[in-house]
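Please look over the sequence and the structure shown here, and then read the short report that follows.

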Amino acid sequence: GVSQFYDATGKITLAPRNFADYRYAGDAQPKLQIGWGNTLTWKSFDLNIFVRASLGAKVMNATLADLNRPDEVTNYNLPVFSTNESAKDISAYIYSNRYVEDASYLRLDNMTLGYSLPSLFKGMRGLRIYISGNNLAILTGYRGIDPEVSLSGLTPPSGLTPGVDNKDYYPRTRAFLFGLNLDF
């Protein structure tokens, strides 16, 4: 009912002592990145779609690790992840490969739907009305806010930490834009 770890010698311990006990658990760099954009037209309608995917990257979900403190259940709100943890586990929050997650995703980045009208008056060649949305959807198995974390690793104050979701991420906004194009 409590977390157990392997130390540098391969023995089981309840708490790693230092960085010598840590091992390689995955690469934050994706194995494959894919982008697809297309514009479809039908009569006076046009639809532009841009989708992208990242496959094979690993993210250390440090946010979940830091919040996973089942021994503090009487003092704090805990993530749903912690409901199956033993309240006796005082080491549940220690970083380990249990918090390294697949960061693969498919994101609908942008979609624009437009309708073009013919000239309404002399001197005008056309009119187009459109609605556009950014960051419309994401499909992922990642349990954090967003699997697309910084790969630069320059995350103050912790220094070089590429691929770590470390409670310093502001969620991407979903934005909509209504527009009108006049062609003279």
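## A buried asparagine

In this predicted model, N61 has a relative accessible area of 2%, and because anything under 20% counts as buried, N61 is buried. The residue is found in the loop between β5 and α1, the latter covering residues 62–67. When residues up to four places away in sequence are not counted, N61 touches Y99, E101, Y142, R143, G144 and D165.

## The largest nonpolar core

In soluble globular proteins, nonpolar side chains tend to be buried together. Here the largest nonpolar core has 5 residues in all, namely A57, V59, A103, Y142 and V149. Y142, a member of this core, is also one of the residues that N61 touches.

## The largest pocket

The largest pocket holds about 850 Å³ of space, and its lining is made up of 27 residues, with Y22, R23, A25, Y95 and S96 lying nearest its centre. The elements that give two or more residues to this lining are β1 (5–6) and β5 (58–60), and β5 gives the most, with 3 residues.

Sorted by class, the lining of the largest pocket consists of 16 nonpolar, 6 polar and 5 charged residues.

Terms used:
Residues numbered from 1 in each chain as written. Predicted model: local features only at pLDDT ≥ 70, side-chain atom pairs only at ≥ 80, totals over all residues. Heavy atoms only, no water. 1 Å grid on protein atoms, 1.4 Å probe; cavity = no way out; pocket = protein on both sides within 12 Å on 5 of 7 lines; lining within 4 Å. Points joined across faces, edges and corners; volume = space filled by probe spheres on them. Helix = DSSP H or I, 4+ residues; strand = E, 2+ residues; numbered from the N terminus. Nonpolar A, V, L, I, M, F, W, Y, C, P; charged D, E, K, R; others polar. Core = buried A, V, L, I, M, F, W, Y, C linked by side-chain atoms within 4.5 Å. Buried < 20%, exposed > 50% of the residue type's maximum accessible area, 1.4 Å probe, protein only. Contact = heavy atoms within 4.5 Å.
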